[in-house]
Amino acid sequence: MYKYSFEKLNAFHNARRLTNLIYDLNESFPKTGLYSVSAQSKRAAVSVMANLVEGISRMSNKDKAHFTTIAFSSLME
């Protein structure tokens with residue numbers, strides 16, 4: 001079975017597990033008052049995965065490093 005380059009990254013699989021965890025945790029938040037925190041945490045988790053995928057598809061090491069840095073920043077968010 002063919003795997004895309006990003007599917008070979010442990011970081012991508014960890015980011016996917018983190019995203020699933022964030023979505024599951026957000027389900028337990030109270031429905032009032034936490035919409036902005038909930039939405040932002042979901043966006044940040046998805047951003048980690050998206051930037052890892054985009055970075056691995058870039059040709060230059062400089063571009064790859066740039067997207068890895070953005071993914072790390074989203075993780076810290």
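Both Phe6 and Phe12 are buried, where buried means under 20% relative accessible area, exposed means over 50% and partly exposed lies in between, with a 1.4 Å probe and protein chains only. The model is a predicted one, in which local features need pLDDT of at least 70 and side-chain atom pairs count only at pLDDT 80 or more, while totals for chains, interfaces and linings use all residues. Residues are numbered from 1 along each chain as its sequence is written, and side-chain values use heavy atoms, with hydrogens and water left out.

**Confidence**

- The protein averages a pLDDT of 90, and 95% of the residues score at least 70; pLDDT is the predictor's confidence in each residue, from 0 to 100.
- Among the elements of the protein, the lowest mean pLDDT, 90, belongs to helix H2 (residues 35-56), and the highest, 95, to helix H3 (residues 61-76); helices (H or I, at least four residues) and strands (E, at least two) are DSSP runs, numbered from the N terminus.

**Aromatic rings**

- The structure holds two aromatic pairs, and rings of Phe, Tyr and Trp (its six-membered ring) pair if their centres lie within 6.5 Å, with planes under 30 degrees apart counted as stacked, over 60 as edge-to-face and the rest as tilted.
- Tyr4 and Phe6 form a stacked pair, because their ring centres are 5.8 Å apart and their planes stand at 5°.
- Phe6 also pairs with Phe12 in an edge-to-face arrangement, with 4.9 Å from centre to centre and 70° between the planes.
- Through these ring pairs, Tyr4, Phe6 and Phe12 are linked into a cluster.

**Helix H1**

- Helix H1 covers residues 10-27, which is 18 residues, and its reach of 26 Å from first C-alpha to last is close to the 26 Å expected at 1.5 Å a residue, the expected span being 1.5 Å times one less than the number of residues.
- The buried residues of H1 are Phe12, Ala15, Thr19, Ile22 and Asn26.
- Seen down the axis of H1, these buried residues fall within an arc of 75°, so they line one face of the helix; the arc is that of the directions from the helix axis to the C-beta atoms.
- The face of H1 turned away from the buried side carries the exposed residues Asn10, Arg17, Asp24 and Glu27.

**Asn26**

- Asn26 lies in helix H1 and counts as buried because its relative accessibility is 6%.
- Not counting residues up to four places away in sequence, Asn26 touches Ser38, Ser41 and Lys42, where contact means heavy atoms within 4.5 Å.
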